[in-house]
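Please look over the sequence and the model before reading on.

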Amino acid sequence: CVEFSRAAETWCGRFEKWRRMFEGSGRGLSVKRQMGLCSELLTLAEELIPVVGFDLAVGAWIGPNGNPRDFELRGFGVEVKASGANEPQVVPVSNERQLDDSELSGLVLVHRTFEIVRGGKQTLPAVVSRVRKLGDGMSSEGLLNDLLLRSGYADDNEALYQNTGFETKRIRMFKVEEGFPRITESQLTDGVGSVGYRLAIDACSAFEFPVEEWSGLIGGHLEQ
């Protein structure tokens, strides 16, 4: 039932939030987790902050709090995924609500492909520093630091990340709407919930739109 599904999802979200915090507090984040966090932070810096401003964009970053999607802004959702250039372009979807737009005015999937470069300039600390500079003097500076900690990023571990760079090779954006390849809550039978699956990015090609249309798309939804 829906109640079971959402209760299970809430518990899993809280568990994931604490797991991220503890993972980052000791030995640091794995390369995979670094890449995922870089992708979320670059989405903040390059897609959201230029359109809606720092405070509104940071306030929309709800994934670190255990929510099913990475960003939600006035009913508009953004889910961010990342893959390495030398691996299959297949991404994990953690549950049936992550790509479910039934309660949203719109939902976009942003996928970044990275070349992992030893000694590269775009390291996780470099991206963190870039986003922090965008928020100098803004009211949400403290919130950003709290969300970074909840994502598993601790400044004390910065040296662990300095030799691994993530160079952006490609950015793709997709409208998640009717016909998009996904599993949603309404498709599940009673007693089934927290369903994870893997999504092939190329299977979403019919729903892709040019990156240049991003600002107009999100601006249109916010004006509704």
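Which residue forms a salt bridge with Lys 32, and how far apart are the closest N and O atoms? The partner of Lys 32 is Glu 87, and the closest N and O atoms of the pair are 2.7 Å apart. The model discussed here is a predicted one.

## Helix α2 against helix α4

Helix α2 packs with helix α4 (residues 124–134) at an angle of about 30°, and their axes are 10 Å apart. The two helices are therefore roughly parallel to each other, and their crossing is left-handed. On the α2 side the contact includes Leu 37, Leu 41, Ala 45 and Glu 46, which meet residues of α4 including Val 127, Arg 130 and Leu 134. By class, this contact of α2 with α4 has 12 nonpolar, one polar and two charged residues.

A salt bridge also joins the side chains of Arg 130 and Glu 46, with an N to O distance of 3.1 Å. This pair links distant parts of the chain, since Arg 130 lies in helix α4 and Glu 46 in helix α2, 84 residues apart. Arg 130 is partly exposed, with a relative accessible area of 36%, and Glu 46 is partly exposed with 31%.

## Helix α2 against helix α6

The axes of helix α2 (residues 31–52) and helix α6 (residues 214–222) come within 10 Å and cross at roughly 50°, which means that α2 is oblique to α6. The crossing of α2 past α6 is right-handed. Glu 47, Leu 48, Val 51 and Val 52 of α2 make this contact together with Trp 214, Ser 215, Ile 218 and Leu 222 of α6. By class, the contact has six nonpolar residues, one polar and one charged.

## Other salt bridges

The structure holds 12 salt bridges. One of them is formed by Glu 79 and Lys 81, whose closest N and O atoms are 3.3 Å apart, and both Glu 79 and Lys 81 are buried. Elsewhere, salt bridges that share partners join Glu 46, Glu 47, Arg 112 and Arg 130 into one network.

How values were computed:
Residues are numbered from 1 along each chain as its sequence is written. This is a predicted model: local features need pLDDT of at least 70, side-chain atom pairs count only at pLDDT 80 or more; totals for chains, interfaces and linings use all residues. Side-chain values use heavy atoms; hydrogens and water are left out. Axes are lines fitted to C-alpha atoms, for helices over the stretch in contact, and angles run from 0 to 180 degrees between N-to-C directions. Helices (H or I, at least four residues) and strands (E, at least two) are DSSP runs, numbered from the N terminus. Angles under 35 degrees count as roughly parallel, over 145 as roughly antiparallel, 65 to 115 as roughly perpendicular and the rest as oblique. A crossing is left-handed if the near helix is turned anticlockwise from the far one by less than a right angle, and right-handed if clockwise. Contact means heavy atoms within 4.5 Å. Ala, Val, Leu, Ile, Met, Phe, Trp, Tyr, Cys and Pro count as nonpolar, Asp, Glu, Lys and Arg as charged, and the others, Gly among them, as polar. A salt bridge is a side-chain nitrogen of Lys or Arg within 4 Å of a carboxyl oxygen of Asp or Glu. Buried means under 20% relative accessible area, exposed over 50%, partly exposed in between (1.4 Å probe, protein chains only).
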